[in-house]
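Colleague: I have not seen this structure before. Could you show me how to read it, one feature at a time?

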Amino acid sequence: MYDVVGVGFGPSNLSLAIALKERATNGAGRKISAAFIERQPSFGWHKNMLLPSATMQISFLKDLATFRNPTSKFSFVSYLHESGRLTQFVNNQDFFPTRQEFHQYLEWAQSHFEDSVSYGSEVVSVRRAGEAGSGAAGHLELEVRDIADGSSRLVHARNVVISTGLVPRMPQGMERDERVWHSSEFLEKFRSVGSDELKSVAVVGAGQSAAEITRFMHDMLPHAQVHSVIPSYGYSVADDTPFANQVFDPAAVDDYYYGTDQTREAFWRYHKNTNYSVVDTEVIQDLYRRSYDEDVRGYRRLHFHNLSRVESIQRVGNETLVSLVSLLDKETQVLNTDALVFATGYEGMDPTRLLGDLAAHCPRDDQGHYRVDRDYQLVTEPELPFGIYLQGGTEHSHGLTSSLLSNLATRSGEITESLVNRLETEQALPALATEETV
Ligand code: FDA
Ligand code: NAP
């Protein structure tokens, strides 16, 4: 029986593990026993998009801990110091490390928590356990499947923090296969096909993933035709200028949460372009320069199909016939590709499937969204005596940072304090924690 079990061990729950550990180290209040369950065999953060030149979209200071505790030993600066690269990093004068370097930082941070994490384990369901009226009534039971051998086990918890991440989105009617990929599986699929087999490839979408993959394939397949299918007139820039960037400040969560419907609507209307369907300036300029260079050389192999959407796809052997429809004149065009990548984004996290029957005890608002308290707890019917916290899936209630890294450190601190408060109010309960892992 743990005080809290984290479902998923990406950056969000890693940040929570750090917040819990630092609180325990401070000796403040009740010590919390925690465990984390992660389905990947080892730590990985969007590994299939670790393209060599991809950079972070937030400052390195928005790491796992600094905004909550600037003196944390789990900060990015601390990692650089330990790796012997702090001086060189500063000489580099760049707020935005590569995703590969940030991944190394995350791996380094998680290495301090390996005893608390079960890798290769998938949480299949979270349900209520214990008989009403008995001493252990009203805790949670997690069914956990071992990915390697398929066996199942039960883990018991007083509270859970669900953080299972974004869900890849395919356009309606399009199925993935060994030559039709979603960007979330890109590198693994790309490596599985010999590059000499890829003579014509296409990427669908006009977000950061699409632009990065287009550039990567243009680099890696010098003999190939590279098609980019863009729903807009051209890539639009991600607004990361200082005033707009305030939407990612910790204070913006209060403004969003306690705001009116009109306030929230204004956040989306004016600032969606800080994150969705947009691309960093540097990548846009790089792609345009490549396109222009091809014009100058009189040899074009990078093709932009703007105002276009995929109507249908048809597999013939290893080839995929992609039927595009232009929004300009409704004309259709068929591309013959050896690989087709849908960089068509993600749905937010939805805990419904994991919660099973419990979901019916979690009220929703008029739009069908779960009600979530400011401390990221799902509102449940009052008789449920455990906390179900969400890290992700709270864009409707807490705003744009819900699925991002920007506010991780602060959010984890807030969840930690809420957990402590819950557990302290429940001191009357028998002390069930048998294993202190954090
Ligand atoms: P994340 O998805 O990282 O982790 C969830 C974990 O849960 C995964 O490891 C998954 O395996 C595990 N899991 C899922 N279901 C499970 C189950 N049933 N049982 C057990 N484990 C389960 N944001 C930003 O602010 N700055 C940036 O630079 C970027 N860069 C970026 C690049 C790319 C390519 C993408 C797709 C997204 C970003 N993001 C981003 C946004 C991204 O959502 C964010 O960086 C983090 O991944 C959020 O961390 P989480 O831990 O919440 O989810
Ligand atoms: P995204 O921003 O949601 O973009 C998805 C793109 O696909 C949009 O252009 C969208 O067009 C298009 N699309 C969706 N459905 C389509 C359809 N049926 N036909 C044609 N086009 C369609 O997704 P993303 O680029 O994967 O980015 C997701 C998150 O990951 C963002 O937070 C981003 O910043 C992050 N990311 C970060 C990095 C990095 O750190 N270097 C790299 C990649 C991604 P519409 O606008 O018309 O919907």
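**Ligands and sheets**

Modeller: Start with one contact: a nitrogen atom of ligand 2 sits 2.9 Å from a polar backbone atom of Thr 55. Keep in mind that this is a predicted model.

Colleague: Which other polar atoms lie close to an oxygen atom of ligand 2, and at what distance?

Modeller: A polar contact here is a pair of N or O atoms within 3.5 Å. Asn 275 places a polar side-chain atom 2.6 Å from an oxygen atom of ligand 2. For Ala 343, a backbone N or O atom is 3.3 Å from an oxygen atom of ligand 2.

Colleague: Which residues come nearest to ligand 2?

Modeller: There are 22 residues around ligand 2, and Gln 57, Ser 209, Glu 212, Asn 275 and Ser 277 come nearest. By class, this shell has ten polar, eight nonpolar and four charged residues.

Colleague: Where in the chain does the shell around ligand 2 come from?

Modeller: Look at elements, then at domains. Helix H6, residues 208-220, gives the most to the shell around ligand 2, with three residues. Domain 1 (4-166 + 348-425) and domain 2 (169-238 + 276-345) each provide at least three residues of that shell.

Colleague: Now ligand 1. Which residues make polar contacts with an oxygen atom of ligand 1?

Modeller: A polar side-chain atom of Glu 38 is 2.6 Å from an oxygen atom of ligand 1, and one of Trp 45 is 2.9 Å from an oxygen atom of ligand 1. On the backbone side, a polar atom of Val 123 lies 2.9 Å from a nitrogen atom of ligand 1. Taken alone, ligand 1 exposes 990 Å², of which the protein buries 91%.

Colleague: What makes up the shell around ligand 1?

Modeller: Of its 27 residues, Ser 12, Glu 38, Gln 57, Ser 403 and Leu 405 come nearest. The shell around ligand 1 divides into twelve polar, eleven nonpolar and four charged residues. Helix H1 (11-25) and strand S4 (121-129) each supply at least two residues of this shell. S4 gives the most, with three residues.

Colleague: Let us turn to the sheets. What is the strand order in the open sheet of five strands?

Modeller: The order is S8-S15-S9-S10-S11, with parallel pairing. Strand S8 (180-182) and strand S11 (302-305) are the edge strands, each pairing on one side only. From one strand to the next, the twist averages 20 degrees.

Colleague: How many bridges join strand S9 to strand S10?

Modeller: Five bridges join S9 (residues 200-204) to S10 (residues 225-229), and these strands run parallel. Ala 202 stands opposite His 227 in S10.

Colleague: Is the pairing in the open sheet of three strands parallel or antiparallel?

Modeller: Antiparallel, in the order S12-S13-S14. Its edge strands are S12 (308-316) and S14 (332-337), each pairing on one side only. Neighbouring strands of this sheet are turned against each other by 25 degrees on average, direction ignored. Strand S13 (residues 319-326) pairs with S14 over six bridges in the antiparallel sense. Thr 320 stands opposite Thr 337 in S14.

Key
Residues are numbered from 1 along each chain as its sequence is written. Chains are lettered from A and ligands numbered from 1 in the order in which they are written. This is a predicted model: local features need pLDDT of at least 70, side-chain atom pairs count only at pLDDT 80 or more; totals for chains, interfaces and linings use all residues. Side-chain values use heavy atoms; hydrogens and water are left out. A residue is near a molecule or strand if one of its heavy atoms lies within 4 Å of it. A polar contact is a pair of N or O atoms within 3.5 Å; within protein, one must be able to donate a hydrogen and the other to accept it, and residues adjacent in sequence count only if both atoms are side-chain atoms. Helices (H or I, at least four residues) and strands (E, at least two) are DSSP runs, numbered from the N terminus. Ala, Val, Leu, Ile, Met, Phe, Trp, Tyr, Cys and Pro count as nonpolar, Asp, Glu, Lys and Arg as charged, and the others, Gly among them, as polar. Domain bounds come from an automatic or database domain assignment. Accessible areas come from the Shrake-Rupley method with a 1.4 Å probe; for residues, only the protein chains shown count as cover. Two strands pair if DSSP finds at least two bridges between them. Axes are lines fitted to C-alpha atoms, for helices over the stretch in contact, and angles run from 0 to 180 degrees between N-to-C directions.
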